[in-house]
Amino acid sequence: MKISFYLNRDLVHADVDPHLTTLVYLRESRGLTGVKESCNEGDCGACVIALGERTEQGMCYHAVNSCLYPVVRLHGKHVVTLEGIHDADELHPLQAAMENEHGAQCGFCTSGIILSLFCLFLRNATPANEDILQALDGSLCRCTGYASILRAARSVAAQVRMDEDIENHLTPAYFSGIPERLDSIDELIDENRKLAVAARDYFIPEDLHELFEILENVDNPSKLTLISGDTDIMVGVNLGKFQPQKIVDLHRIREFTCISRDNGLITIGARATLSDVLDNEEVRRSFPALTEAVRQMCSTPIRNVATLVGNVCTASPIADAIPPLLAYGATVVVQSIKGTRQVPLRDWFKSYRKTALGHDEVVVAIEIPIIDCLASFEKTGKRKTLDIATVNSALAVQVMKGHFETVRLFFGGVAAVPFEAEMTSEFLTGKEAGEAVIYEASRIAAKEISPLSDVRGSLEFRRQLAANHIIKHFTKLMPSLFE
Ligand SMILES: Cc1cc2nc3c(=O)[nH]c(=O)nc-3n(C[C@H](O)[C@H](O)[C@H](O)COP(=O)(O)OP(=O)(O)OC[C@H]3O[C@@H](n4cnc5c(N)ncnc54)[C@H](O)[C@@H]3O)c2cc1C
Ligand code: FES
Ligand code: FES
């Protein structure tokens, strides 16, 4: 498949195998060994690159794990690797600071760390400590040089505060011409175009019409794999656990929307990444428990690519966005050539990782009604970031004069599909909020679930976690319950 993009300073026209990852392409075809390969599953950040795209607000650069990023998606973008962040022989201020503060020890993680910080500094030249920590949440330094790495990042922010001139040195001079040069790149074209841009069983439909043609005409629809951010699917492929036969890459579907608000609903379209959800003011205001779940998901480079719709479609029993979406009463909007249908999220999960999606359908959005409720999300994993949950849960309650009017409580990690704790919710409904009631609810929740024991936790441990989550939810919500 023929693609064109800017790689650091140079325009590249390449005929690529669409099944390749960007990491393999950059290292093996372009000889850019500053991009490191390590875990190959998004867990370490050694392979992070900066990916620039034109947006209405100008160029926008995001840190991305190149080990999970299909190379065909580079078309029309600006790819920046360690080799492209500085002018001529000068070190970039971040590189100089890493050297001065001894932030690079074995150096294997250093390239990804610098690229993650580079993207942060392009957005915010004087980041606060928490911004720096968040930008580095996808980077693992095996030599545990974290203190020196943080000092290096802080020292660049401090230099910019003292001398604004240095801000000009954060971006190499050649960056200024990139937007116009990207404009001259044509649309993705395939001379053999029949259904969509396609090569080697990799289809890139441009709109829903092309997508439905593929879904209708393909010989064996069960052999098709739809991908959005590809963060879930690509891990399986890289680990050799899953070999998709035909891929339909949804990233260019022009009808897919991002996030909008209308008629008492917030619609999160199939285009919206987890970062879009996290940064959205309306979502934060109306659905704080969803924002909290997304904040605790994955890492910055994964959230920059993974979609909320993808998380719902994985139907993973530990997917973090699902319990809050269930608690808020979300609906899945599904479309096929026959039209659109709406599936309440609570009816979406059929069995372990199986959903109500038909072979000829695609999810176009998640709709969430804006209701007046108090809600909370809890997740217990082994680490704060880059870890899947042992148990997660979300609670949404409506309270009238100190009494629970409605209660919706959902757990992940306790059954093959996300689990509604109906007995606990029923017990709480109509009760007056108070310590004894909450402790009794936590005992009911622990009894109500029958989780499996596995490497992440035994049945007893998960029951205890479920009970603890109830107490944590109400401890958090307690001040608001009596307002
Ligand atoms: C390092 C790492 C850390 C992670 N951490 C977390 C975590 O903390 N919590 C968590 O919940 N998840 C986590 N994940 C899993 C994953 O990133 C999320 O589930 C993500 O939201 C998936 O979105 P995606 O767009 O990448 O989905 P994809 O990988 O593109 O697709 C996922 C599934 O959804 C289907 N699909 C995608 N889009 C559509 C559509 N529009 N219509 C129909 N079907 C569709 C695909 O066919 C596939 O079955 C992690 C993954 C990695 C690699
Ligand atoms: S190689 Fe570890 S995140 Fe890509
Ligand atoms: S410096 Fe050694 S892994 Fe980070």
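Analyst: A salt bridge is a side-chain nitrogen of Lys or Arg within 4 Å of a carboxyl oxygen of Asp or Glu. The model is a predicted one, in which local features need pLDDT of at least 70 and side-chain atom pairs count only at pLDDT 80 or more, while totals for chains, interfaces and linings use all residues. Residues are numbered from 1 along each chain as its sequence is written, chains are lettered from A and ligands numbered from 1 in the order in which they are written, and side-chain values use heavy atoms, with hydrogens and water left out.

User: How many salt bridges does the structure hold, and which residue pairs with Glu282?

Analyst: Side chains of opposite charge can pair when their charged atoms come close. The structure holds 22 salt bridges. In one of them Glu282 pairs with Arg261, and the closest N and O atoms are 3.0 Å apart. This pair links distant parts of the chain, with Glu282 in helix α10 (residues 281–286) and Arg261 in strand β10 (residues 259–262), 21 residues apart; helices (H or I, at least four residues) and strands (E, at least two) are DSSP runs numbered from the N terminus. Glu282, at 25% relative accessibility, is partly exposed, and Arg261, at 45%, is partly exposed as well, where buried means under 20% relative accessible area, exposed over 50% and partly exposed in between (1.4 Å probe, protein chains only).

User: Which residue forms a salt bridge with Asp201, and where in the chain do the two partners lie?

Analyst: Asp201 is bridged to Lys246, with 3.5 Å between the closest N and O atoms. Here too the pair links distant parts of the chain, since Asp201 is in the loop between β6 (197–199) and β7 (202–204) while Lys246 is in strand β9 (residues 246–249), 45 residues apart. Asp201 counts as partly exposed at 35% relative accessibility, and Lys246 is partly exposed at 21%.

User: Is Arg462 buried or exposed, and which side chain does Arg462 meet?

Analyst: Arg462 is buried, with a relative accessible area of 4%, and its side chain meets that of Asp454 in a salt bridge (3.0 Å, N to O). Asp454, by contrast, counts as partly exposed at 41% relative accessibility. Salt bridges can also join into a network, as they do among Glu206, Asp207, Arg252 and Arg254.

User: Which residues come nearest to ligand 1?

Analyst: A residue is near a molecule if one of its heavy atoms lies within 4 Å of it. There are 33 residues around ligand 1, and Leu226, Ser228, Thr231, Thr307 and Asp320 come nearest. The shell divides into 18 nonpolar residues, eight polar and seven charged; Ala, Val, Leu, Ile, Met, Phe, Trp, Tyr, Cys and Pro count as nonpolar, Asp, Glu, Lys and Arg as charged, and the others, Gly among them, as polar. β8 (224–227), α8 (231–238), α13 (308–314) and β16 (362–369) each supply at least two residues of this shell, and α13 gives the most, with five.

User: Which atoms of ligand 1 lie close to a backbone N or O atom of Leu226, and how much of ligand 1 does the protein cover?

Analyst: A polar contact is a pair of N or O atoms within 3.5 Å; within protein, one must be able to donate a hydrogen and the other to accept it, and residues adjacent in sequence count only if both atoms are side-chain atoms. An oxygen atom of ligand 1 lies 2.6 Å from a backbone N or O atom of Leu226, and an oxygen atom of the ligand is 3.2 Å from a backbone N or O atom of Ile233. In the side chain of Asp320, an N or O atom is 2.7 Å from a nitrogen atom of ligand 1. The protein covers 92% of the 980 Å² of accessible area that ligand 1 has on its own, by the Shrake-Rupley method with a 1.4 Å probe.

User: Where is Asn8, and what does the side chain of Asn8 reach?

Analyst: Asn8 is in the loop between β1 (2–7) and β2 (10–15), and at 6% relative accessibility this residue counts as buried. The side chain of Asn8 reaches the backbone nitrogen of Thr81 at 2.9 Å. Leaving aside neighbours within four places in sequence, the residues in contact with Asn8 (heavy atoms within 4.5 Å) include Leu32, His78, Tyr174 and Ile178.
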